[in-house]
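Reader: Hi! Could you walk me through this one while I have it open on my screen?
Author: Happy to, let's take a look together.

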Amino acid sequence: MRTPSLLRHSCAPVLVAAIATASLLHPGAARAAAGAPVPSAIAEAPARTITMSVGSGQLIRLAHPMTGLFVADDKIADVQVKGQTSLYLFAKTPGTTSVYATDRSGAVIWSADVRVANNITGIGPMLRLAMPDSDITATPVSGMILLTGTVASPRDIEEAERLTGAFAAGVQVLNRLQTATPLQVNLQVKIAEVSRDFVKTLGVNLMTRDTSGGFLFGIAQGRNFGTISNSTDPLHPGTNFDLSKLGQGAGKTSIAMAGHLLGLDIASAIDLAENDGLLTTLAEPNLTALSGETASFLAGGEIPIPIAQGLGQVSIEYKQYGVSLAFTPTVLTDGRISLRVRPEVSQLSAAGSVTLNGFNVPGIVTRRAETTVQLGSGQAFMIGGLLNNNSTNTTDKVPGLGALPIIGALFRSNSFRRQQTELVIIVTPYLVKPVDPSQLKLPTDGYKAPSDASRVLMGTTFKGDSGASRPGPVLAPGAAAPAATSNPPAGGK
């Protein structure tokens, strides 16, 4: 360290004298002495950038002799003058400084920004050796290293940052690398729902008639199931029990009894009903989008909803329903996927419907989830789950009599209903790349409409082979075929 300083100081008197002489001979100084106007000052930035590692040196050869030399900060990079047309640069500590060399007229004949960092000159060759398919530039900036360029995949971005940090120990790394091609994310969503509705009812109807006084007594917990009257047949006098309305209860099973007891004509009916329904829904929407872009999907429809306006006017607004999906993927530097997803399942329902200006607007039952998760490619995650269990027990009874044991069952009706719903939403993202069109299959591939003969005589509804290739464009008659190429089609193997 001492020798460069001594060499630089030993030539200082010569450089000072040369600078003084150049200033006297400068055209601007001559014009000022003659009283001519002097042009305004012009700032000149360094013409080049030199990157050096601490402890390294470079020999600079000049095209013209120099008479002046300026170093902004000799603690970062020092200069040794070998002659009028050559000088040595010596990197000392991390940082950035500027060096200017001028001739006798004061014109800048050489200038540079010198950037010094630990092992900076070896980072580029090291990254090119470790990642030959990448284009990475390492630039020192204020004691840090800025990585710019393109790599093949997000995993290479993380690897380049790790290698740079290990090679230039103790230096902060700013990573601004990008992938060579935009990343695309395919999202597979499974929406499974099971809904069970169980209803059980029990109702009792009782009707009596006193033949001695004509007093009629009855209990009704629902519809009128029949009548008790005198027989109109003179050959068969007596009581006529009419149970013709017994089987008119939709969805119910009725048991009826009729006869004479203790001088009374008695008819009774018991309505029994039990409904057990099961509804399953499975939707698997599949969508692909670029990293950072939003994609949406809807399999369903839209219903018109009337909206009241001023002066008695009515406008129509459409509301979507069905299975919908919207998601925004962002591929992170380590190959993981930050995913903002919004799946929704909705269906029309009579519950909650309203009537507006003569229009019947149905209600919409909606199950929706919206969240942000972070997954790896091919990893699955359950983002939503709903287990709903509702039970309703209703009893209709005669006050007082319905509370009696055993016999009180004749004076009350019971209804029990249980609704169970379970909903599960699972998402799975994948990093995908385009493929050859021949590798993609459609449900309609190989389908052909039947001919009239096969449709009428043979009863054929469709023709075709499973997995057959779909029709493609063909050359017109007489057209020249394109020249063969050795390169495979994009995405092909």
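Reader: Which residues touch the most other members in the largest nonpolar core?
Author: Leu187, Val189, Ile191, Phe327, Val341 and Val427 do, out of 20 residues in that core. A nonpolar core here is a set of buried Ala, Val, Leu, Ile, Met, Phe, Trp, Tyr and Cys residues joined through side-chain atoms within 4.5 Å. Buried means under 20% relative accessible area, exposed over 50%, and partly exposed in between, with a 1.4 Å probe and protein chains only.

Reader: And which strands supply at least two residues of this core?
Author: Those are S11 (184-210), S17 (286-290), S19 (314-331), S20 (337-356), S22 (371-375) and S24 (412-432). Strands (E, at least two residues) and helices (H or I, at least four) are DSSP runs, numbered from the N terminus.

Reader: Before I go on, how should I read this model?
Author: It is a predicted model: local features need pLDDT of at least 70, side-chain atom pairs count only at pLDDT 80 or more, and totals for chains, interfaces and linings use all residues. Residues are numbered from 1 along each chain as its sequence is written, and side-chain values use heavy atoms, with hydrogens and water left out.

Reader: Thanks! What is Val427 in contact with?
Author: Leaving aside neighbours within four places in sequence, Val427 is in contact with Leu187, Gln188, Val189, Val341, Leu375, Gln379, Ala380, Phe381 and Ile383. Contact means heavy atoms within 4.5 Å.

Reader: New topic: what order do the strands have in the open sheet of three?
Author: The order is S8-S9-S10, with mixed pairing. Two strands pair if DSSP finds at least two bridges between them.

Reader: Why is one side of S8 and of S10 left without a neighbour?
Author: S8 (135-141) and S10 (173-179) stand at the edges with a single partner strand each, so one side of each has no neighbour in the sheet.

Reader: How do S9 and S10 pair?
Author: S9 (residues 144-151) and S10 are parallel, with seven bridges. Leu146 has Leu174 in S10 as its bridge partner.

Reader: Which helix packs on the sheet?
Author: H5 (residues 154-167) does, touching S8, S9 and S10, and its direction makes about 155° with that of S10. Such angles run from 0 to 180 degrees between N-to-C directions, with axes fitted to C-alpha atoms, for helices over the stretch in contact.

Reader: Which residues of H5 are buried?
Author: Pro154, Ile157, Ala160, Leu163 and Thr164.
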